[in-house]
Protein chains: 2
Amino acid sequence: MKAFSRTKVGVLGGGQLGRMLIQSGINFDIQFKMLDSDAQAPCAQIAQEFVHGSLMDFKTVVKFGQELDVLTIEIEKVNADALEELEKQGKKVFPQSHIIRMIQDKRLQKQFYKDNKIPTSDFVLIDSLKELDNYSNWLPAVQKLGRDGYDGRGVQMMRTPSDFKKGFEEPSLLEKMVEMEKEIAIIVSRNEAGEIKTFPAVELVYHPEHNLVDYLISPADIPAEIEQKAKEITIDLVEKLSFVGILAVELFWAKSGEILVNEIAPRPHNSGHQTIEGNYTSQYEQHLRAILNLPLGNTEIRQVSAMINILGEEGYTGKAKYVGMDEILKMEGVYPHLYGKEITKPFRKMGHVTILGKNREDVSQKIEHIRNNLKVISQ
Amino acid sequence: MKAFSRTKVGVLGGGQLGRMLIQSGINFDIQFKMLDSDAQAPCAQIAQEFVHGSLMDFKTVVKFGQELDVLTIEIEKVNADALEELEKQGKKVFPQSHIIRMIQDKRLQKQFYKDNKIPTSDFVLIDSLKELDNYSNWLPAVQKLGRDGYDGRGVQMMRTPSDFKKGFEEPSLLEKMVEMEKEIAIIVSRNEAGEIKTFPAVELVYHPEHNLVDYLISPADIPAEIEQKAKEITIDLVEKLSFVGILAVELFWAKSGEILVNEIAPRPHNSGHQTIEGNYTSQYEQHLRAILNLPLGNTEIRQVSAMINILGEEGYTGKAKYVGMDEILKMEGVYPHLYGKEITKPFRKMGHVTILGKNREDVSQKIEHIRNNLKVISQ
């Protein structure tokens with residue numbers, strides 16, 4: 001690896017995660033080449049090289065993967081066969097193609113946990129809508145599409161059998177609802193040499209309506225032994241996968257006391273944005289360190305932090321206009337990150353705000369103030 | 001100002017300061033258009049738009065300044081007449097052209113201090129080499145070129161009359177040497193609305209040989225009343241100038257107890273790099289806030305920090321290779337920033353490292369370790 005001599009990193013996907021990866025990689029003089037099917041993607045203007053093309057097209061991805069030092073992803077929905085072909089050609093692809101393929105399908109993900117004794121909620125595979133009827137006595141549960149779900153799309157609550165009519169036709173899985181104490185996330189990284197580091201657990205709070213992370217707080221307010229147990233699970237996971245890169249692990253701390261893996265994402269993740277200001281090393285730099293086989297950075301918390309998404313306001317579609325930003329910028333320890341998306345749509349992730357504070361209460365008050373003041377509408 | 005709706009900022013200069021400005025501006029979705037005479041300048045690849053051309057050419061600069069929301073600089077050596085012409089056309093130019101013109105000439109700078117009762121060391125204007133002979137009894141002193149000095153070039157110590165033969169022919173000034181307690185720097189910013197904020201003072205330590213800042217420590221270890229006095233001077237300065245943007249003020253704390261302004265730079269500055277990790281708001285974001293007339297950010301220190309330049313090793317010219325970086329990345333609270341310069345030369349500023357620490361001693365030890373391990377040589 002010729003790190004620090006203009007290392008060339010290829011990234012499948014050119015969205016906001018890629019954008020923050022580029023922003024971080026400037027410090028290491030990394031040359032980014034990004035691929036995205038949207039010519040106006042958040043990375044389009046700031047990448048050293050930007051290729052407009054389909055992440056799902058075998059030939060496009062194989063061609064894109066030539067003459068790079070390492071290839072990585074910022075979205076899972078990519079052509080895994082193409083990545084496997086690149087690996088066969090001797091290219092470095094991190095995370096590895098077989099892991100991406102497994103994570104692309106939530107059914108395979110769940111099967112992996114089961115086969116490898118990674119604690120997770122009970123589940124059954126569902127191949128057709130009518131099979132759901134066999135599980136009337138197994139509710140409440142969550143039906144999830146096997147493939148192509150993303151950010152709340154492809155997830156359906158099944159509280160009573162009458163909800164079955166809202167179910168998915170495509171191959172899916174039905175997960176028994178977990179009575180949760182809290183939902184947490186831990187980001188774990190592993191480099192090629194096998195060094196592993198976990199970030200401290202964060203706590204996720206979902207918006208009841210549109211099923212996106214509403215805000216998160218770092219550190220999670222959980223007992224030390226719960227955090228310890230959760231960290232051991234994430235370390236076990238990356239070791240069993242021989243994973244290289246950064247893995248975001250969403251976990252349930254169940255009322256039963258169990259820690260259960262919910263879902264994983266093999267890339268920088270929404271639950272790690274606040275590391276940019278809140279921790280010594282950001283998830284973006286850590287991902288770069290991991291895939292370039294550099295020593296992993298210190299993941300400790302510098303300060304209590306929180307993160308809220310900036311979502312497009314309902315009822316507005318068009319060129320984005322940020323209302324109330326001046327009010328936000330008057331606040332101390334408040335960091336807007338806009339994703340460079342020209343067009344806003346209802347609930348579109350347009351950016352996020354990181355909040356630093358003295359303590360949890362301080363941070364919560366700031367969140368309230370931001371929520372009451374900041375709106376993304378159209379011009 | 002249409003801030004937060006893809007504000008377009010033009011920058012004269014495309015060096016490392018511009019690079020870190022872009023890196024910061026990504027958070028605000030600012031569109032940068034940069035002008036530099038070097039097609040391989042640090043900003044060339046990451047700017048949304050990069051124009052290759054001379055900063056000193058009137059027509060080039062006037063043409064560059066069209067269709068921007070605001071025009072700023074990251075280097076003083078620009079065509080000030082062109083900026084004045086743009087102001088006449090009604091464009092926003094911050095800092096303002098007449099301030100840039102004054103700062104370009106150290107003789108005018110000194111005269112400004114004198115005329116405006118800003119404390120500074122005694123000086124005389126020197127128009128030809130032979131005039132120096134009149135000041136044999138006025139030594140030790142420093143001769144400085146009026147124009148075009150930069151980073152140690154254009155500065156000559158005059159300890160005894162025998163040093164006069166090393167003097168400059170061009171218009172210069174001779175400054176009486178100040179017996180210093182410490183050299184400090186304060187970065188002050190002012191937005192168009194007149195809001196002013198100062199960063200806490202940092203302490204500069206120069207390398208005895210190549211006359212560049214060797215390292216700096218934040219906060220400066222100086223009495224509170226000295227810092228207060230220094231801050232008042234910097235505030236007085238930006239108010240008297242009606243300055244808009246960020247102004248780096250280098251000051252001497254003299255053994256006499258006086259605080260004297262040494263030099264000023266109307267842009268982000270070497271003495272503010274450590275604000276990226278060490279303070280709540282970085283100097284780069286603060287500059288953007290100031291020129292976009294946004295509320296200024298909190299300048300408080302988050303943690304003790306230090307900054308050392310990464311200079312090209314003596315005896316090596318060619319494609320840069322960073323030796324020992326792995327060792328540096330193992331350290332906690334250590335942040336390399338490479339400037340994206342392909343070619344190293346002796347003493348060329350290739351990057352810097354910010355160091356966070358528990359206290360001053362901790363930080364000093366880390367600096368020692370970095371200095372012993374990190375080298376920039378050629379491949």
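Copies are superposed by least squares on the C-alpha atoms of residues with pLDDT of at least 70 in both. This is a predicted model, in which local features need pLDDT of at least 70, side-chain atom pairs count only at pLDDT 80 or more, and totals for chains, interfaces and linings use all residues. Residues are numbered from 1 along each chain as written, chains are lettered from A and ligands numbered from 1 in the order written, and side-chain values use heavy atoms, leaving out hydrogens and water.

**Exercise 1.** Find the rotation and shift that superpose chain B on chain A.

*Solution.* Next, look along chain B: the C-alpha of B:Ile46 is the nearest to the axis, 2.5 Å from it. Finally, compare the contact residues (contact means heavy atoms within 4.5 Å): 100% of those of chain B recur in chain A, so the same surface serves both copies.

**Exercise 2.** Describe the surroundings of A:Ser189.

*Solution.* Then check accessibility: A:Ser189 counts as buried because its relative accessibility is 0%, buried being under 20% relative accessible area with a 1.4 Å probe and protein chains only. Last, list partners: beyond neighbours within four places in sequence, A:Ser189 contacts residues including A:Glu195, A:Gly245 and A:Leu296.

Notes:
Buried means under 20% relative accessible area, exposed over 50%, partly exposed in between (1.4 Å probe, protein chains only).
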